[in-house]
Structures are given as C-alpha cells and as structure tokens.
Amino acid sequence: MNIIDVGTSAPYPVVVGHGLLEETGDYIKHYAKRAETAALITDDTVDAFYGGRVEKSIAGAGLRVIRYVVPHGEGSKNAENYISIMNFLAKEQVTRSDLIVALGGGVVGDLAGFAAATYLRRIDYIQIPTTLLAQVDSSVGGKTAIDLEAGKNLAGAFYQPKLVLCDLDTLDTLPEEIFRDGCAEVIKYGILWDEDLFEHLKARRTDFDREYTVSRCIEMKRDVVTVDEFDNGKRQFLNFGHTLAHAAEALSNYSISHGQAVAMGMATIAEKAAADGTCSASCAAEIAGILDRFGLPVKFTYTPDEMYEVMLSDKKRKGGKISLILPEEIGYCVIRKYTLEEMKEFLCGGPD
Ligand SMILES: NC(=O)c1ccc[n+]([C@@H]2O[C@H](COP(=O)([O-])OP(=O)(O)OC[C@H]3O[C@@H](n4cnc5c(N)ncnc54)[C@H](O)[C@@H]3O)[C@@H](O)[C@H]2O)c1
Ligand SMILES: [Zn+2]
C-alpha cells in the first residue's frame, strides 16, 4: 500500500492498494470524522460489482448510508442528474457535516464531486475511482464538472476531495477497451515526465505493475496540481495529445473513445515534433511503438485540415493562441504557443 499526500489548498491523501473497498468505513472514520450520513453515488455497472461491499463497510463504521445510482456512461454527467442528486440529498436531509462518496469512473467522480462542491455551498466528499483513468487522472486534482448541451465539462468547480481510495482490485472487472483507454493516459505520464515508467510499460505492456504504475502517475499528477491547482500553468502539460484528441472526438461525434483519441493525438504530435526538429525521429517512433504495443491506434482518419477547423473552437484556446505540448525526448516535454497560422503550418505543413 502507498499513501500519496496531495498538498493543495486543502490537502488530502490518496491511498493506493488492494482490498481498500472493504476498509472504506475505517478510512471515513479517520479522514471524515464528522459525517453521520454517507451519500454513496455510483453508476449501475459499478453498483452491481461494488456498491454492496462499500455500503457494508461504511455502515459497519456506524454511518447511515444512502445510495444514488445513475445509468453508466458519459450521458449521465448532465444537469438533470445533477439536480436530481441535489433534490435527493435535500430530501434525505443530508447536512453540511455529512459526506458524499463517489464510487466509479470519471463520470461519477465529476458528477458527484460537483454535487459536493455545490450542495449547501459545499460538503465533504471522497473519491473511490474504479477505472484506470479515474485512478491516475480524474479523481486527483479537484476538477469537478457536468456537461452542458453546448459541450463537455462546461459547468464545474475546483473542489478537492477529503480522501481518494484507489483500490487496484477494482481494475480486474474493467472491460478491456476501458482498461486500454486508461493505458493511454498512463503512457502519457511516462512520455511527459518519467522515462523509467515508460520503459517499464514498454517491457510489460498491459501486464504492468499496477501499484507502482498507478502510484507514479498519481505522484506526477500531485506534483502538477500542487503548483497549479487552478489550471493556469503547469497543469497544461496534462493536455499532451488532448487538443488533437478533442478535435477528433468531436469530429467522430464521440464514437471514438477518449483513450484512443489521446493515443492518436500523442503519436501525431510526436510525428510533427520530429518533422520540425523538436524531437528525434527515434523518439517519435518510440511513442508510436509503445501505443501500438498497447493496442492503441496511432493515426487519425481525419485530415489535418479537418482537425484544424474543429480546433479553432477549442475552449482552451487563450488570446488567439493555442498551446501544444511537444516531446523533446521521452520523459521531457515543452509547451509551445502557436498563433492560428503557425498552428495550421505545424499541423498541415511538411511531410505527412
Ligand atoms: N476531473 C478530471 O480531472 C478529469 C480528468 C479526465 C477525465 N475526466 C472525465 O472522466 C470521464 C471519463 O471517465 P472514465 O473513463 O472513467 O469513464 P466512466 O466513468 O464512464 O467509466 C467507463 C465505464 O466503465 C464502467 N466501470 C467503471 N468502473 C468499473 C469497474 N471497476 N469494473 C467494470 N466496469 C467499470 C462504468 O460503468 C462505465 O460504463 C469523462 O467524463 C471525463 O470528462 C475528468
Ligand atoms: Zn484524457
């Protein structure tokens, strides 16, 4: 077991290990002492696997447990569910000293976290992430959100949890494609900041050491969010591959998965970075090679022109410039800002 302390404005521990679900009640007693009621928010798939176990553990620690289950999938991260959860909490007389427990992937974590950030102007919450993506990315750092009709994550808040419990055993029941999606983010951390992790992943493929890998990724996310809690600087590195990925996801009407889009985004950026001399051709080949070893795609089916058009409306664009993260070598990346014309040249110019 590993405990990683996150030193944001409100600090909290992330526990990584096995068999943690059964110990949820003990952890709540230790880290969220005031709570008398725990509102367990989850989705139907995760509920069927783990809802009972978590409820039993929390009830065993003497808390009243109430449960709210949404259908699985991104479609649940919406305003209707958000309002329904608010009404549920009010009807159940959940007070400011009580607790929300988010059990599930990034969808549940973002939705339940936003409910916690706003119900009675904020109540405590803990994250129990059950997907690889949620363990290494969304459960740490305090970004919470719901989607609006105009786009993803458009209403939200920065609000840190009291505790994150990453039970590695929950990854056993993940469908393979969802596990692989998370692998794209794990590989991203290796390319950004950790050549040793990259080499470990390259050698072990999907059979990587989970405790080491998940812990290393969380430590890197911790290092970024503690210096840039509100996403004005270093946190942007986590967007490596994501500007192109978001464009492709939008073009596909969200039929390609996020992990696949990120994989293609990282490989494409690396190829372009090699073409303009930012990294070597062998670095770009290493990046495409590892993604391929994980069964992730490396080439977009859209043309650079199509991608560019969609990127113009990317909400992350600031002051007319687009920031891209480029690899210089494995374990070291840089941020570069491009005007729209330069971006077009970077993407669409040169050999393809
Ligand atoms: N807050 C952040 O910083 C942040 C960062 C990255 C992504 N996100 C958000 O995260 C969301 C994506 O998260 P996700 O990929 O975890 O998707 P998800 O929550 O939809 O989970 C994917 C699927 O896996 C199922 N599942 C979850 N855990 C399982 C388990 N242990 N066994 C079997 N099935 C399981 C779920 O029911 C769901 O169908 C997006 O909404 C994205 O915007 C947020
Ligand atoms: Zn991502």
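Tutor: Four bridges join strand 2 (residues 12-17) to strand 9 (residues 163-167), and the two run parallel. Strands here are DSSP runs of E, at least two residues, and helices are runs of H or I, at least four, numbered from the N terminus. This is a predicted model: local features need pLDDT of at least 70, side-chain atom pairs count only at pLDDT 80 or more, and totals for chains, interfaces and linings use all residues. Residues are numbered from 1 along each chain as its sequence is written, with chains lettered from A and ligands numbered from 1 in the order in which they are written.

Student: Which residue in strand 9 is the bridge partner of Val15?

Tutor: Strand 2 and strand 9 are joined in parallel. In strand 9, the partner of Val15 is Leu165.

Student: In what order do the seven strands of the open sheet run?

Tutor: Strands pair if DSSP finds at least two bridges between them. The pairing in this sheet is mixed, and the order is 1-2-9-6-5-3-4.

Student: Why is strand 7 largely enclosed by the rest of the structure?

Tutor: A residue is buried if 20 or more other C-beta atoms, placed from the backbone, lie within 10 Å of its own. Strand 7 (residues 143-148) is largely enclosed because the number of its six residues that are buried is five.

Student: Which residue of strand 8 stands opposite Leu148?

Tutor: Strand 7 and strand 8 (residues 151-158) pair antiparallel over five bridges. They form a hairpin with two residues between them. Opposite Leu148 stands Gly151.

Technical notes
A residue is buried if 20 or more other C-beta atoms lie within 10 Å of its own, exposed if 12 or fewer, and partly exposed in between; C-beta atoms are placed from the backbone.
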